[in-house]
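Here are my notebook entries from a sitting with this model.

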Amino acid sequence: MSERELHCDICGSIQRFEVPPCVDGHGADCPERACTGCGAAIMMVVSIAPRRSTRRRAAVHHRAA
Ligand SMILES: [Zn+2]
Ligand SMILES: [Zn+2]
């Protein structure tokens, strides 16, 4: 299933989006979708925020007593 119905801001309505011919080599994982109504391409950005490697501040226990 490479088609999805999404809201197109340009059409202002729900349109069917399909995967356009991928030129970036994404293959089946291509995040691009093109509106079949107006042809606008969008990126299906799945919000997989890269985990911020927040280094935990090591608690400092070097208090001089
Ligand atoms: Zn692509
Ligand atoms: Zn559209």
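**Entry 1: Gly37.** I started by asking how exposed Gly37 is, and it counts as partly exposed because 15 other C-beta atoms lie within 10 Å. The scale I used calls a residue buried if 20 or more other C-beta atoms lie within 10 Å of its own, exposed if 12 or fewer, and partly exposed in between, with C-beta atoms placed from the backbone. I found Gly37 in the loop between E3 and E4. Strands here are DSSP runs (E, at least two residues), helices are DSSP runs too (H or I, at least four), and both are numbered from the N terminus.

Next I looked up what Gly37 touches. Setting aside neighbours within four places in sequence, Gly37 is in contact with Cys8, Cys11 and Gln15; contact means that two C-beta atoms, placed from the backbone, lie within 7 Å. I also checked Arg16: it is 21 residues from Gly37 in sequence, and the two C-alpha atoms are 7.3 Å apart.

**Entry 2: what kind of model this is.** A note to myself: this is a predicted model, where local features need pLDDT of at least 70 and side-chain atom pairs count only at pLDDT 80 or more, while totals for chains, interfaces and linings use all residues. Residues are numbered from 1 along each chain as its sequence is written, and chains are lettered from A and ligands numbered from 1 in the order in which they are written.

I then looked at pLDDT, the predictor's confidence in each residue, from 0 to 100. The protein chain has a mean of 82, and 80% of its residues reach 70 or more. Confidence is lowest in E4, at a mean of 88, and highest in E2, at 95.

**Entry 3: Gln15.** Is Gln15 buried or exposed? Gln15 counts as buried because it has 20 C-beta neighbours inside 10 Å. Beyond four places in sequence, I listed its contacts as Glu5, Leu6, Cys8, Cys35, Thr36 and Gly37. Leu6 is also the bridge partner of Gln15 in E2. I noted Cys38 as well: 23 residues along the chain separate it from Gln15, with 9.0 Å between the C-alpha atoms.

**Entry 4: the sheet.** I counted 0 helices and 4 strands in the protein chain, which reads β-β-β-β along the sequence. The strands form an open sheet in the order E1-E2-E3-E4, with antiparallel pairing. E1 and E4 stand at the edges with a single partner strand each, so one side of each has no neighbour in the sheet. The twist averages 40° from one strand to the next, with axes being lines fitted to C-alpha atoms (for helices over the stretch in contact) and angles running from 0 to 180 degrees between N-to-C directions.

I went through the pairs in turn; two strands pair if DSSP finds at least two bridges between them.

- E1 (residues 3-8) and E2 (residues 13-18) are antiparallel over 6 bridges, and Arg4 stands opposite Phe17.
- E2 and E3 are antiparallel over 2 bridges; I see Phe17 opposite Cys35 and Glu18 opposite Ala34.
- E3 and E4 (residues 41-43) are antiparallel over 3 bridges, with Arg33 opposite Ile42.

**Entry 5: hairpins and faces.** The hairpin of E1 and E2 has 4 residues between the strands, and Gly12 there takes a positive phi near 75°. In the hairpin of E3 and E4, with 5 residues between the strands, Gly39 has a positive phi near 85°.

**Entry 6: whole chain.** Last, I noted that buried residues make up 8% of the 65 residues. Of the contacts between residues at least 6 apart in sequence, 22% join residues at least 24 apart.
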